[in-house]
Amino acid sequence: MTALETDVVVVGVGSVGSMASWQLASRGLQVIGIDRFSIPGPFSAYAGESRVFRKVYAEGGHYTPILQRAQDLWRELEQISGTQLLEATGAVTIFDEHNPRLASLIAAGQEHGLDYELLRGDEARAKYPDHVIRETDVAVFDPEGGYLKSEKAVTAALIEATRLGAKFLANRKAHTIETYGDRYIVRTDQEEIIASRVIISQGTGAGAVCKELGVHLSVLPQVLTWFPAVDPSVFCREGLPVFLRRSEEDERPDKVRFYGFPSADGWTVKVAGSVYMDEVESMEKPLSWDPEYLKPILAWVREFLPGLIPDPVRVALCADGYTPDDTGLLGTVPGMAGVVVAVGFSGHGFKMASALGAIAADLVLDGTTATDVSFMNPARFLGPDSQFTSLPLS
């Protein structure tokens, strides 16, 4: 079996792994990135054209420093690549007034001094005429929000990392990482790679690592949909924000959770609902989807977006890996000081991926980072004395 040596191995070259590879290569490290799919590939969590970016974040103000760093790094990658990646359209979230995340979002904005605008009733309807806004709805506008061109962003990071000397090995199945003297050895089905440092960023392929770290990773495929516009110019106009819609967060069958974007092609609008297929073990084989999964999003488009024809003309699948607390695992593996995991970002990691990759690079090189990610401690599901000398990767 072929043996290779490098400074850092990046296992999983998707949303976070591509950014970590760019960051490591830009700091002068020799990097080998490996992935079970092609690089870039169609099955990663970044598939499907675009992802929402928000600064005023309902998931909590503890994400704000990460989002700020991500925003700066997206702009840096834009300058390097000559490609616009983050469209600052603003983002409006329309909440049911009883949604507890409304208070979390406002608290996050106030805590960090972020700009936002809160509108109701006729004032909200006048500003957002494309949406049906009910009397119980509250619209919160984040002027620094927008959307990322996810596939372009990953490709830009990979191109820059390659220019700086990084090497990428696609269609590899990684088996294990083991302590190897004062270094580590990553064993794949095609080679063994020896390095002093390793970043594990396997995305939906991180189930074995998560299990070893005491937590189940749920791999949930999601159906993405694109709808034709009755009048395409309405959804192409300047200043049109991305949008999110959230009803009261409970278990009612009519719970509404969906989001969408300005038109990217001049005639269709991407609208995706928080509707997931049954959990799968892997995304390694093509999945089929049942039309039943489309029913909620069709109903929501029909009810809340009258400017769209409620029949999709394009459908795609992506998948995310969810932890029980919807919070990623980002940090050093106990007992393996040169190994960092960056997995399980639970469907809201891509907007932060540039920062998550940079933080993983900080941690694997220096053992610390200036950006607080203590709440993502990968040992939080383990006992206090847990130590590792090896990890399964499949």
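Biologist: Hi! Let's start with N99: where does it lie?

Modeller: Hello! N99 sits in the loop between β5 (91-96) and α3 (100-111). One thing to keep in mind as we chat is that this is a predicted model.

Biologist: Thanks. Is N99 buried or exposed?

Modeller: N99 counts as buried, because its relative accessibility is 3% and the cut-off for buried is under 20%.

Biologist: And what does the side chain of N99 reach?

Modeller: The side chain of N99 reaches the backbone oxygen of S247 at 2.6 Å. A polar atom of that N99 side chain also lies 2.8 Å from the backbone nitrogen of R101.

Biologist: Let's step back a bit. How many helices and strands does the protein have?

Modeller: The secondary structure comes to 8 helices and 20 strands.

Biologist: What radius of gyration would a compact globule with 394 residues have, and what does the protein have?

Modeller: A compact globule with 394 residues would have a radius of gyration near 21 Å, and the protein has 21 Å, so the two agree. The C-alpha trace spans about 70 × 40 × 40 Å along its principal axes.

Biologist: What percentage of the residues count as buried?

Modeller: Of the 394 residues, 56% count as buried. As for contacts between residues at least 6 apart in sequence, 75% of them join residues at least 24 apart.

Biologist: Which residues does M352 touch?

Modeller: Leaving out residues up to four places away in sequence, M352 touches Y57, Y63, I66, L67 and A70. M352 counts as buried because its relative accessibility is 1%.

Biologist: New topic: helix α5. What should its 14 residues span?

Modeller: Helix α5 covers residues 150-163, and at 1.5 Å a residue it should span 20 Å. The end C-alpha atoms of α5 are 20 Å apart, which agrees.

Biologist: Which residues of α5 are buried?

Modeller: They are S150, A153, V154, A156, A157, L158, E160 and A161. In an α-helix, residues three or four places apart point the same way, because there are 3.6 residues a turn.

Biologist: What covers the buried residues of α5?

Modeller: The cover includes two helices, α1 (15-26) and α2 (64-81). It also includes the strands β3 (51-53), β8 (146-148) and β9 (167-169).

Biologist: And what about the residue G165 that follows α5?

Modeller: G165 has a positive phi, near 110 degrees.

Biologist: Over to the strands, then. How do β10 and β11 run, and how many bridges join them?

Modeller: Strand β10 (residues 174-180) and strand β11 (residues 183-188) run antiparallel, joined by 6 bridges. Within that pairing, A174 stands opposite T188 in β11. The two strands form a hairpin with 2 residues between them, and G181 in the turn has a positive phi of about 65 degrees.

Biologist: Last topic, salt bridges. How many is the count?

Modeller: The count comes to 22 salt bridges. One of them joins R183 and E5, with the closest N and O atoms 3.1 Å apart. R183 lies in strand β11 and E5 in strand β1 (residues 2-11), so the pair ties together parts that are 178 residues apart in sequence.

Biologist: How accessible are R183 and E5?

Modeller: R183 counts as partly exposed at 28% relative accessibility, while E5 counts as exposed at 54%.

Biologist: What about E191 and R172?

Modeller: Their side chains meet in a salt bridge, at 3.1 Å from N to O. E191 lies in strand β12 and R172 in the loop between β9 and β10, so the pair ties together parts that are 19 residues apart in sequence. E191 is buried, with a relative accessible area of 3%, and R172 is buried too, at 18%.

Biologist: Which residues do salt bridges that share partners join into one network?

Modeller: R27, R69 and D362 are joined into one network that way.

Key: Residues are numbered from 1 along each chain as its sequence is written. This is a predicted model: local features need pLDDT of at least 70, side-chain atom pairs count only at pLDDT 80 or more; totals for chains, interfaces and linings use all residues. Side-chain values use heavy atoms; hydrogens and water are left out. Two strands pair if DSSP finds at least two bridges between them. Helices (H or I, at least four residues) and strands (E, at least two) are DSSP runs, numbered from the N terminus. The expected span of a helix is 1.5 Å times one less than its number of residues. Buried means under 20% relative accessible area, exposed over 50%, partly exposed in between (1.4 Å probe, protein chains only). Contact means heavy atoms within 4.5 Å. A polar contact is a pair of N or O atoms within 3.5 Å; within protein, one must be able to donate a hydrogen and the other to accept it, and residues adjacent in sequence count only if both atoms are side-chain atoms. A salt bridge is a side-chain nitrogen of Lys or Arg within 4 Å of a carboxyl oxygen of Asp or Glu. The radius of gyration is taken over C-alpha atoms; the globule rule is 2.2 Å times the number of residues to the power 0.38.
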